[in-house]
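Me: I'm new to this one. Could you walk me through the chain and then take a close look at one buried spot and what surrounds it?

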Amino acid sequence: MSETTTWSELRDRRLAEPGATEAYNAARLAFELGAGVRELREARGWSQTQLANAAGMTQSAVARFEAGGAVPTLPVLERLAQALDVELAVRFTPKPMAA
């Protein structure tokens, strides 16, 4: 008889595999960056095509980025920031101290 596995057990096992944590963190970062750009674009009432034209990109590249499907390069982030009329700030922030 097979042993029942919970989602948290499976997740923990998968995250323990070599490279899994790095891949998970890259995916999280890509998702967060994409969501931030989408929020800025929508606040301006722009379509993906309008942002793509302003940033010198294709609509499909914007869609892929907003969906978290790609980790952009710094030059791409800078083009998006210029198109959205915002400042790009890349910084290192200390992690909160564990109690």
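Reply: Let's start with the secondary structure: the chain has 5 helices and 0 strands, where helices (H or I, at least four residues) and strands (E, at least two) are DSSP runs, numbered from the N terminus. From the N terminus on, then, the order reads α-α-α-α-α. With a radius of gyration of 18 Å, well over the 13 Å that the globule rule gives for 99 residues, the chain is more spread out than a compact globule. (That radius is taken over C-alpha atoms, and the rule is 2.2 Å times the number of residues to the power 0.38.) Along the principal axes, the C-alpha atoms fill a box of roughly 55 × 35 × 25 Å.

Before zooming in, some ground rules. This is a predicted model, where local features need pLDDT of at least 70, side-chain atom pairs count only at pLDDT 80 or more, and totals for chains, interfaces and linings use all residues. Residues are numbered from 1 along each chain as its sequence is written, and side-chain values use heavy atoms, with hydrogens and water left out.

Now for the buried spot. R41 sits in helix α2, which covers residues 20–43, and it is buried, at a relative accessible area of 8%. Buried means under 20% relative accessible area, exposed over 50%, partly exposed in between (1.4 Å probe, protein chains only). Across the chain, 21% of the 99 residues are buried.

What does R41 touch? Leaving out residues up to four places away in sequence, R41 touches W46, S47, Q48, L51, E66 and L84, a contact being heavy atoms within 4.5 Å.

Pick Q48 from that list and follow it. Q48 lies in helix α3, and beyond four places in sequence it touches R41, Q59, V62, A63 and E66. Its C-alpha atom is 13 Å from that of A35, 13 residues apart along the chain.

Of its 13 residues, V37, L51, A55, M57, V62, F65 and L80 touch the most other members. The elements giving two or more residues to this core are α3 (48–55), α4 (59–66) and α5 (74–84), and α5 gives the most, with 5 residues.

How values were computed. Core = buried A, V, L, I, M, F, W, Y, C linked by side-chain atoms within 4.5 Å.
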